[in-house]
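Here are my notes on this one, as promised. Have the viewer open while you go through them.

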Amino acid sequence: MSVFRMGEAEREVALVRELAALTERHRQACPPYRRILDAIGAEPPYARLADLPWLPVRLFKTHELRSVREDQVFRVLTSSGTTGQRPSRVYLDREAAAAQPRMLAATLREVLGERRLPMLVVDTRSVVRDPTLSARGAGVLGMMNFGRDHTFVLDEQGRVDAEAVKGFLARHGGGRFLVFGFTFMVWQHLLGLGADLSQGVLVHSGGWKRLAEQAVGNAEFRGRLAAECGLTRVHNFYGMVEQIGTIFLEGPDGDGLYCPDFADVVIRDPETWQEAPTGEPGLIEVVSTLPTSYPGHVLLTEDLGVVRGVDDGCWPGKRFEVLGRLPRAEARGCSDTMGRA
């Protein structure tokens, strides 16, 4: 069943109910979170998503925030923070750890279908062999779960392996296949390859900072890929380790990012902290029902964004765009840390 079904009004009613219950669950189970809520006077009832109390995402770098006992922690995830910066720490019990890949798969199924597709990875195999596993490596490894016959576009020295690509297309180029890579690396290595990727579905994320420095926007990115590689099924996504398993996926038309039914965004005016109207930029707040083992269900990010429309696109709900990082916010990794991967 699709996770892009609910219109915004229906979604808000459902999410407010679930997230309010989750807020109280975390209040009871996580003493630091309870102290924060008490300090800001957060109390139900909450009428709208924008009324729910949020945490700044940076708090997960400085505080241990978990709503399960220490002996129930099954996995601790860390973010990709820049050199010298403390990474975020996210605590998952078995239930939360199982829900994350299940809901990620349900979201990606919308564009990939039910079956694993042959997969072309715009990276080098060494990125997933590093025992310390960089953020980029973890991202590649996670996406490899959705593909088969994994073929890497780059060799061990980071150079394009044209023969590997040619062999992959000889085996799979006549049917649908998955292409995955971080945005900057896709731009750098797929263009000029001279390969027919017209049957591919590209899923990409991260690395926009380096493209912005070259004045490359989403429209040009998609246009060049279509013209030079035949890639027309292109889906960017936005997500973060602090809400692992939740991604906001670009629609088929490239007209914005959409929220799955179990998540949403609120754009907040950085001066008043009130919800900004459609078309007005502000800080992105992400909400999701997946963080059950830690209070990460309502998070204010350090990213700027804008809602472009509501219930007016190829999928229902809010249609939004990420505009970049808040000035002076810590830059964070993935393909922007390519040299350190």
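**Notes on the model**

1. Confidence first. This is a predicted model, with a mean pLDDT of 89 for the protein, and 90% of its residues reach 70 or more. The stretch to watch is residues 330-341, where pLDDT stays under 50. The model still has 41 contacts beyond four places in sequence for that stretch.

2. Helix H1. This helix covers residues 8-29, 22 residues in total. From first C-alpha to last it reaches 30 Å, close to the 32 Å expected at 1.5 Å a residue. Its buried residues are Glu8, Arg11, Glu12, Ala14, Leu15, Val16, Leu19, Ala20, Leu22, Thr23, His26 and Arg27. When you look at that list, bear in mind that an α-helix has 3.6 residues a turn, so residues three or four places apart point the same way.

3. Strand E4. Here 8 of the 8 residues (117-124) are buried, so the strand is largely enclosed by the rest of the structure. E4 runs parallel to strand E5 (residues 147-154), with 5 bridges joining the two, and Leu117 stands opposite Gly147 in E5. E4 also runs parallel to strand E6 (residues 177-182), this time with 3 bridges; there, Met119 has Leu178 as its bridge partner. As a reminder for the side chains, in a regular strand they alternate between the two faces of the sheet.

4. Glu250. You'll find this residue in strand E9 (residues 247-250). Is Glu250 buried or exposed? Glu250 has a relative accessible area of 3%, under the 20% cut-off, and therefore counts as buried.

5. The cysteines. How many disulfides does the count come to? The answer is 0. For context, a disulfide is a covalent bond between the sulfur atoms of two cysteines. Cys30 is buried at 1% relative accessibility, while Cys314 is partly exposed at 32%. Cys259, with a relative accessible area of 0%, is buried.

6. More on Cys259. Cys259 sits in the loop between strand E10 (257-258) and E11. Setting aside residues up to four places away in sequence, Cys259 touches Phe4, Arg11, Phe248, Asp264, Val265, Lys318 and Phe320. Arg11 is one of the buried residues of H1 listed above. Cys259 and Val286 are 27 residues apart in sequence, with their C-alpha atoms 9.6 Å apart in space.

7. Asp312. This one is in the loop between E13 and E14. At 45% relative accessibility, Asp312 counts as partly exposed. The side chain of Asp312 makes a polar contact with that of Arg319, at 3.0 Å. Asp312 and Gly7 are 305 residues apart in sequence, yet 9.8 Å apart in space from C-alpha to C-alpha.

Definitions and conventions: Residues are numbered from 1 along each chain as its sequence is written. This is a predicted model: local features need pLDDT of at least 70, side-chain atom pairs count only at pLDDT 80 or more; totals for chains, interfaces and linings use all residues. Side-chain values use heavy atoms; hydrogens and water are left out. Helices (H or I, at least four residues) and strands (E, at least two) are DSSP runs, numbered from the N terminus. Buried means under 20% relative accessible area, exposed over 50%, partly exposed in between (1.4 Å probe, protein chains only). The expected span of a helix is 1.5 Å times one less than its number of residues. A disulfide is a pair of cysteine sulfur atoms within 2.5 Å. pLDDT is the predictor's confidence in each residue, from 0 to 100. Contact means heavy atoms within 4.5 Å. Two strands pair if DSSP finds at least two bridges between them. A polar contact is a pair of N or O atoms within 3.5 Å; within protein, one must be able to donate a hydrogen and the other to accept it, and residues adjacent in sequence count only if both atoms are side-chain atoms.
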